[in-house]
Protein chains: 2
Amino acid sequence: MDVKEAVEISKCLSNQTRMQIMEWLREPEKNFPPHISIDHFDDGVCATYIHEKSKLSQSTVSNYLTNMEKCGLLVMTKHGKWSYYKRNEALITDFAKYLL
Amino acid sequence: MDVKEAVEISKCLSNQTRMQIMEWLREPEKNFPPHISIDHFDDGVCATYIHEKSKLSQSTVSNYLTNMEKCGLLVMTKHGKWSYYKRNEALITDFAKYLL
DNA sequence: ACTACATATCGATAAATACCGATATTTGCA
DNA sequence: TGCAAATATCGGTATTTATCGATATGTAGT
């Protein structure tokens, strides 16, 4: 991890909603209803549920998720028309170690 | 550590210079010359040295340091007319754990 | 008390980010 | 094929952040 990468990650985390998304995704089954066309959270949570829980507009949350994936905090998996997002634990650990 | 606190910390870290200050202060003796009126780095590094190394204006760096102290990332100690800043390792550890 | 130095604060402007509604794209299904 | 749902992208405005120079404050030594 270098300075620039760490700064980009920090930018993603410097917003209350985005920080909460990281929290929510730590325990998807506690924070979201079950998915309709899939019976697990192995690939995370679909964008619509995150949008609904956030109380912000769809476009804003979609942008959040896209950027959080770009900087590596989240991993996105497509299942049909749904985009599932989950935490990238490896990168989060790297970032945490980088700060220490 | 709650969401708001973590967001404030992230804001401080979401800038290349500020992130580097955190790095520099991890090993003061490697990154800064010895102090004039004190022979150790126990309380960190004086603001002037950090300012000089940063290549930004004095007022900008002073603001950085003040904010980084406010959010808890740094601890400031006054010695005469000098302000020494060091990392607050306990808070950094808390933040890192919060993310995991 | 005066001067010099270290740091903090203020006020301004430029740049970046936040956030929305509208629209485009993609995919599944009738 | 055509519609509807899920998501992404675009364009605009409001807010926040970045950064500076100027100035204020605080401290030490002459």
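Good morning. Of the interface residues of chain B, 100% are also interface residues in chain A, so the copies meet through the same surface. Two residues count as in contact if their C-beta atoms, placed from the backbone, lie within 7 Å.

What you see is a predicted model, in which local features need pLDDT of at least 70 and side-chain atom pairs count only at pLDDT 80 or more, while totals for chains, interfaces and linings use all residues. Residues are numbered from 1 along each chain as its sequence is written, with chains lettered from A and ligands numbered from 1 in the order in which they are written.

Let me begin with the interface. On chain B, 18 residues are in contact with 18 residues of chain A. Helix 1 (3-13), helix 2 (16-24) and helix 6 (89-99) of chain B each supply at least two residues of the side that touches chain A. Helices here are DSSP runs of H or I with at least four residues, strands are runs of E with at least two, and both are numbered from the N terminus. Helix 1 of chain B provides the largest share of that side, 7 residues. By type, the residues of this side of chain B are 10 nonpolar, 6 polar and 2 charged. Ala, Val, Leu, Ile, Met, Phe, Trp, Tyr, Cys and Pro count as nonpolar, Asp, Glu, Lys and Arg as charged, and the others, Gly among them, as polar.

How is chain B superposed on chain A? A rotation of 180 degrees with 0.0 Å of shift along its axis does this, with RMSD 0.0 Å. That is the relation of a two-fold axis. The superposition is by least squares on the C-alpha atoms of residues with pLDDT of at least 70 in both copies.

Next, the sheet of chain B. Its 3 strands form an open sheet in the order 1-3-2, with antiparallel pairing; strands pair if DSSP finds at least two bridges between them. Strand 1 (45-46) and strand 2 (74-79) of chain B stand at the edges with a single partner strand each, so one side of each has no neighbour in the sheet. Strand 2 of chain B is joined to strand 3 (residues 82-87) by 6 bridges, and T77(B) has Y84(B) as its bridge partner.

Finally, DNA strand D is surrounded by 22 residues, the closest being T48(A), S59(A), S57(B), S59(B) and T60(B). A residue is near the strand if its C-beta atom, placed from the backbone, lies within 6 Å of it. Helix 5 of chain A gives the most to this surface, 6 residues.
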